[in-house]
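Here are my notes from a first pass through this one. Have a look at the model before reading on.

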Amino acid sequence: MPPTCQRHASRIAVVLLMAVLLPAAGAAADATASAREVTLVLMTDTHLDMKCSAEDLARIARWIVENAAALNIGYVGHLGDVGDQRGSGALLEMLQQARAALQPVADAGIPISIAIGNHDHRDGGEHPRSAEAFNRPDTFGEAFYSTSPGFGNTFEQEADFGIPHPGGTANHYFTLDFAGEAFLFLTLEYYPRDAVMEWADALVRERYPNHHVVVSTHAYLTRQGELSASSYGDAETGPEYSNSGEDMWRHYLQNWKNLRFVFNGHFIDEPRQQYLEQTGVHGNTVHSHFFNYQNWAYRDGQLYNTRSGGQYQASVLRLIVIQFDDNTVRIRNILPQVNVEVEPATPEAHFFIPAP
């Protein structure tokens, strides 16, 4: 058994013991959410645990389902890197295990979106950005969304293109209503192509101009709190894979007057979370949140870098709690396996739509 899997096995015993000592699921949250409040649940880069076992992801799914009513969970987003070991046969198996682990969330009628990360692509071959394994009926293809409330469509089904593409559900959207407020949730591929961004631009500005827009993607804001400057383009894939965080903001996002949030993971080590507040050309405030705990472990109330060895990984959920009556957003970092708040979020709160 590899060292990472040994840590995973020992971790399970610790988690089960702590689960007995701590309050039941939901205790980490406040009392039942009001009708004018909704919680968005985000996770990212769960691929390290998936090398060893799908049980960790299954525990996360159970926590979401068990807390859905109390927290009024309206949307769940995975920000990419569900699978790992690109170019190996293990990738498909890991994605199949992840699908089975997360299926209870979809079965519970909770809208759930899965972004594609760089580790979810299969390297090598004719199409280095192939998403064949990611888009199967038994992984995260369209079948996964067949009964999901609010699921709209995919880029592939709506756009005319003739260039190499990840395929399937790598780019898709949801339209959902919370307390009379209409939302458009856009999930975009890892460093989106120009054609994808043009499609998203038309959705936001032409088809859903009065919806609050939330963008989920794998790489956007870095751990330094800056927009990412790198892109995925190379000699094989071509310049169409070229929209870094800077490109996305400069050419598209800053022009979306109804854009509220951008969420991403991908970047690793410290800091584990960052926040960037920007103003679009129409005067709207855009809240960008980066978080990623994939190299971190939790034990006895502390976070440790797993490279020091001996600890188990912390798979942290980021809760975005929107309170419409007082126009505020509270952010929390929850470790669902032991149902604790691991550290204060950055920031802990901000206004949803600041007064002009």
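Predicted model: local features only at pLDDT ≥ 70, side-chain atom pairs only at ≥ 80, totals over all residues.

1. Numbering runs from 1 along each chain as its sequence is written, and side-chain values use heavy atoms, with hydrogens and water left out.

2. Overall make-up: the chain has seven helices and 16 strands (DSSP runs, H or I of at least four residues for helices, E of at least two for strands, numbered from the N terminus). Of its 356 residues, 59% count as buried, that is, under 20% relative accessible area with a 1.4 Å probe, protein chains only.

3. Cores: a nonpolar core here is a set of buried Ala, Val, Leu, Ile, Met, Phe, Trp, Tyr and Cys residues joined through side-chain atoms within 4.5 Å. The largest has 64 residues, and Ile64, Val76, Ile114, Phe140, Phe185, Ile320 and Ile322 touch the most other members. Helix α3 (residues 55-71) gives the most to this core, with eight residues. Another core, of 31 residues, lies apart from it and includes Leu188 and Val262.

4. Gln274: this residue sits in strand β9 (residues 273-279) and counts as buried because its relative accessibility is 18%. A polar atom of the Gln274 side chain lies 2.9 Å from the backbone oxygen of Arg223. Leaving out residues up to four places away in sequence, Gln274 touches residues including Leu221, Phe290 and Thr346 (contact being heavy atoms within 4.5 Å).

Key
Buried < 20%, exposed > 50% of the residue type's maximum accessible area, 1.4 Å probe, protein only. Polar contact = N/O pair within 3.5 Å; in protein donor to acceptor, adjacent residues only side chain to side chain.
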